[in-house]
Amino acid sequence: MSAPAVNRPGTGVFSATRARIANRTLRTDRWWLSPLRVNLGLTAWVIYATVRAFWGSGYWVSDYHYLTPFYSPCIWESCAPGSSHLGVWLPFAAPWWVPMGMLVLPFLLAFRLTCYYYRKAYYRAYWQSPTACAVPEPRAGYTGETRFPLILQNSHRYFFYAALAITALNTYDAIMAFYSVHANNGAGGFGFGVGNIVLLVNVAMLWAYTGGCHSCRHIFGGRLNHFSKHPVRYWFWTKISWFNGRHMQFAWITLATLAFTDFYVWMVSSGVITDFRFIG
């Protein structure tokens, strides 16, 4: 996954002042396994999410008000009746080439792409920059994130605010799902089923990932010279730091919960499976 050192420009680890080693790396462990797993995992998720974003159906369960996060908010006139929790903003049908959740998808994509963990993940897995520690990059120059387009990675702090709003929207969707048309002898009312658990777990993990963001941690603890003078902010900073230390785990967990939540709603909406109900 990294080119051999022979016939490489004399810069970086291949400069004249460094030892001339023909091997691509002196590491003897399976250093390529982790970036390979990341590559396969991210690629599989992107393929699934892209297909579902353009699928155009199976995103709403009218009996229980389950709405997949991939289609929230649904603002088109062509949205399934009842699925537009924020109302219909666009009084016409969505073109086939535009995802029905296009209002938030660009912001979610930007938030994840600029995330500190995901940057490490796809820099190594796709760009091999570097593929792993002590493994040279397959390129001579290195400019970091000081030039276009990578300098745009610094916009992560702004996309964090958009992610907060979107996570709040997903929370609202999960609350609205505590409904069943079959409750109260068919009059409609409070309901609770397996789908509610799926939606709630997804929302909880999204808050854990978003709240553990480095930008969120900086908001509460950044630019403070004396934590003792700001006990409330320090308390929040310590709690956020716990989630921040597990940011990688929550980054992957949320990919799994998002995909599973969408898949579950899709299957129930399509009639492939039946949502088990505890109430209603």
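Residues are classed here by relative accessible area, computed with a 1.4 Å probe on protein chains only: buried means under 20%, exposed over 50%, and partly exposed in between. The structure is a predicted model, in which local features need pLDDT of at least 70 and side-chain atom pairs count only at pLDDT 80 or more, whereas totals for chains, interfaces and linings use all residues. Residues are numbered from 1 along each chain as its sequence is written, and side-chain values use heavy atoms, with hydrogens and water left out.

A search of the whole structure finds four salt bridges, a salt bridge being a side-chain nitrogen of Lys or Arg within 4 Å of a carboxyl oxygen of Asp or Glu. One of them pairs Asp29 with Arg27, with the closest N and O atoms 2.7 Å apart; Asp29 is partly exposed, its relative accessible area being 41%, and Arg27 is also partly exposed, at 28%. Another joins Glu145 to Arg119, again with 2.7 Å between the closest N and O atoms. Because Glu145 lies in the loop between α3 (116-125) and α4 (156-176) while Arg119 belongs to helix α3, this pair ties together parts that are 26 residues apart in sequence. Glu145 is partly exposed, with a relative accessible area of 23%, whereas Arg119 is buried, at 7%. The side chains of Arg277 and Asp275 likewise form a salt bridge, at 2.8 Å from N to O; here Arg277 counts as buried at 16% relative accessibility, and Asp275 is buried at 4%.

Arg52 is found in helix α1, which comprises residues 33-53; helices (H or I, at least four residues) and strands (E, at least two) are DSSP runs numbered from the N terminus. With a relative accessibility of 0%, Arg52 counts as buried. Its side chain is joined to that of Asp262 by a polar contact of 2.7 Å, the term denoting a pair of N or O atoms within 3.5 Å of which, within protein, one must be able to donate a hydrogen and the other to accept it, and for which residues adjacent in sequence count only if both atoms are side-chain atoms. When residues up to four places away in sequence are not counted, Arg52 touches Asp262 and Trp266, among others including Tyr59, Phe70 and Tyr71, contact meaning heavy atoms within 4.5 Å.

The unreviewed UniProt entry annotates residues 36-55, 96-118, 158-181, 187-209 and 250-268 as "transmembrane region". In the model, the span 250-268 is 100% helix and 0% strand, its end C-alpha atoms lying 26 Å apart, while residues 187-209 are 70% helix and 9% strand, with 38 Å between the end C-alpha atoms.

Key
UniProt positions are given in the numbering used here, feature names are shortened, and annotations may be inferred rather than shown by experiment.
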